[in-house]
Each structure stands twice: as structure tokens, then as C-alpha cells.
Amino acid sequence: MGVDFRTENNVGYITLNRPDAMNALDPEGLVRLAEIWGEVKTNPDIRVAVLTGAGEKAFCTGTDMKKSKVPDECMAALYYREGQPIIPHMKMWKPIIACINGYAIGGGLEMALACDLRICSTTAKFGLTETKVASLAGLNGTQCLPRAIPQAVAMKMLLTGEMIDAAEAHRVGLVSDVAEPDQLLDLARKYAEKIAGNAPLSVMAAKQAAVMGMDMPLSHAIDFSYLLWGILRDTEDRKEGFTAFAEKRAPQYRGR
Ligand SMILES: CC(C)(COP(=O)(O)OP(=O)(O)OC[C@H]1O[C@@H](n2cnc3c(N)ncnc32)[C@H](O)[C@@H]1OP(=O)(O)O)[C@@H](O)C(=O)NCCC(=O)NCCSC(=O)/C(=C/c1ccccc1)CC(=O)O
């Protein structure tokens, strides 16, 4: 699979580039994606990532069912050596924006669910269709979809494999914004650059507090967020943010 990667204005743009196969994930693509997520995670010049698909039809339709074959090795050996193929590589405190330009199906929707912001084009369609092909949304879909949208809608999607369209996705809160196809990437860029202009350590702490806090009792989560505030209290960037406000100028953040 071709996966394109470029950076601009502190934003990493990742484009799944196999439009003829609806940007389905083949084995080579998974390896390349893992490398790219590693680069996003470790490169201090990248503050935000945007994940999208090439062409106008699909974001990603999940596993390439024509190229995927069961390895000779047993699953246990593979799992304990390499873990899951996709989501762990996306685990990072830098925000990721899913720019969903068409079908987001199976593993494609699961990747979108691992992102922090989801925006889509008016033509997008969403589904966890794995039960139709005798599999399971086993990356994170069975857990994250019912947490992202009302449970009744999530269960309908999971069990029937039915898709929902962009308007329904917006109505149930699966995406925050719907844009015309030719305006979607501009919208993603706008959000990404806005986030990249904020203080990087604060942005990562905000994500960490929200993501980790969701797995904690509320009182623990509130204490945890206070401690995260505490580790930001003495940063150079916080001083810069306050000074820039007082001096009525734009802050220059350095992630320190
Ligand atoms: C998206 C569609 C509804 C679009 O239909 P349409 O009629 O518009 O277009 P098509 O002619 O069907 O598609 C064009 C072209 O693309 C090929 N294509 C599309 N999707 C895939 C795919 N996932 N794998 C391989 N090839 C794909 C299609 O065959 C056509 O090729 P051509 O004939 O021109 O050579 C429709 O395409 C559709 O329904 N696609 C399948 C979507 C789907 O079921 N996805 C779920 C896959 S399973 C999965 O993602 C899993 C993830 C996972 C879970 C846990 C752990 C790891 C991974 C489960 C798993 O892997 O077991």
C-alpha cells in the first residue's frame, strides 16, 4: 500500500493512498503506517497529525480482504512479539485528526475512533461491517464505538453491519463537523494549525487528562488533571503565554 507522509507548519499529514482499493490496509501499508506513527510520535517538530485517504470515495475500508492471509505462525506468538497491528502505534499524546473523506469501514472506522477529532465530508459513510465478513471489529471498535455514540446506535451498527451516513454521524456525535468534499482538507488544516499554534505540552496534557481520565473514577480523574496542571505550572511556555497575553502579542511556544 502507498501511504504518503509530509509535514507542513508543525502538522504531519498521513494519506492512505490506494484509492482503487478504497484505501484498504494491506500488509505493506501496515508496516509503513507503523513507521510513520513512530515518526509523528518522536519528531518534536510535529505537534499534530491529520489522517486521511486519497481520492474522493474512501477514507479506509479496513483490512484488504483480498491480500490478507492468515500467517503460518500462531496468533499467540505473533501477538506477544508484535502486539496489535494498528491502534498501539496511534497511542500518543499528540492529537490526531481523522479527516474522513468517504467510506470509513471496519478497521478504517476503528482507526478513526482512535483519533481525537473526527471531521468528515458530506459523502462519508461509516460502518463496522466485520460481522458480515465473519470477523470482529477487534482493534477497538466493539469498545470505542459504544463509548463514542449512543449505545443503541452503536449496537445496531455492530450487530447488523449497517452503515450510517455523514448526517447521521454528525447527529449522533461520531464526527464534530461535516464539510463539502472540496473543503474538508482545508477544515482539517485549519483545526490542525490552530492546535499546533497552542502550547504543545498543554495540548498533550489536555489529551492525556481527557483520555486517561475517561478510564478513572471522576474524583481520581480530577486529581490527576490537577497534577498534570502542576507539571505545566513552571514551564517556559506558560510564562510565555501569560507574558504574551499581558503584552497583547501572539505567544511563541517552544514545547518547554
Ligand atoms: C466500501 C464499499 C461499500 C464500496 O462499494 P462500491 O460498490 O462503491 O465499490 P467496490 O467496487 O466494492 O470497491 C472498489 C474496489 O475496491 C475494492 N475494495 C474495497 N474495500 C476493500 C477491502 N476492504 N479489501 C479489499 N478490496 C477492497 C473492491 O474489491 C473493488 O476492487 P475491484 O473489484 O475494482 O478490483 C465496498 O467496497 C465494501 O463493502 N468494501 C468492504 C468493506 C469491509 O467489509 N471492510 C471490513 C474489512 S474487515 C476489517 O477491517 C477487520 C479489521 C481488523 C480487526 C481486528 C484486527 C485486525 C483488523 C477485520 C479483519 O481483518 O478480520
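These legends accompany close-up views of a predicted model.

**View 1. The largest pocket and its lining residues.** The largest pocket holds about 1500 Å³ of space, and its lining is made up of 41 residues, with Leu 30, Thr 63, Ser 68, Pro 85 and Leu 139 lying nearest the centre. Two or more lining residues come from each of helix H1 (27-42), helix H2 (75-82) and helix H4 (107-113). Sorted by class, the residues lining the largest pocket are 20 nonpolar, 12 polar and nine charged.

**View 2. The second largest pocket, between domain 1 and domain 2.** Because domain 1 (3-196) and domain 2 (200-247) both contribute residues to its lining, the second largest pocket lies between them. About 830 Å³ of space is found in the second largest pocket, which is lined by 23 residues, those nearest its centre being Leu 113, Ala 114, Cys 144, Val 211 and Met 214. Helix H3 (87-90), helix H5 (141-148) and helix H9 (200-213) supply at least two lining residues each, and the largest share, four residues, belongs to H5. The lining of the second largest pocket comprises 14 nonpolar, three polar and six charged residues.

**View 3. Cys 99 and Cys 115, two buried cysteines.** A search of the whole structure returns zero disulfides; Cys 99 takes part in none, and the cysteine sulfur nearest to its own, that of Cys 120, is 9.5 Å away. For Cys 115, the closest cysteine sulfur is that of Cys 99, at 10 Å, which is too far for a bond, given that a disulfide requires sulfur atoms within 2.5 Å. Cys 99 has a relative accessible area of 1% and is buried, and Cys 115 is likewise buried, with a relative accessible area of 5%.

Conventions: Residues are numbered from 1 along each chain as its sequence is written. This is a predicted model: local features need pLDDT of at least 70, side-chain atom pairs count only at pLDDT 80 or more; totals for chains, interfaces and linings use all residues. Side-chain values use heavy atoms; hydrogens and water are left out. Buried means under 20% relative accessible area, exposed over 50%, partly exposed in between (1.4 Å probe, protein chains only). On a 1 Å grid over the protein atoms alone, a cavity is a set of points where a 1.4 Å probe fits but cannot get out, and a pocket is an open set with protein on both sides within 12 Å along at least five of seven lines; lining residues have an atom within 4 Å of a point. Grid points are joined across faces, edges and corners, and a volume is the space filled by probe spheres set on the points. Ala, Val, Leu, Ile, Met, Phe, Trp, Tyr, Cys and Pro count as nonpolar, Asp, Glu, Lys and Arg as charged, and the others, Gly among them, as polar. Domain bounds come from an automatic or database domain assignment.
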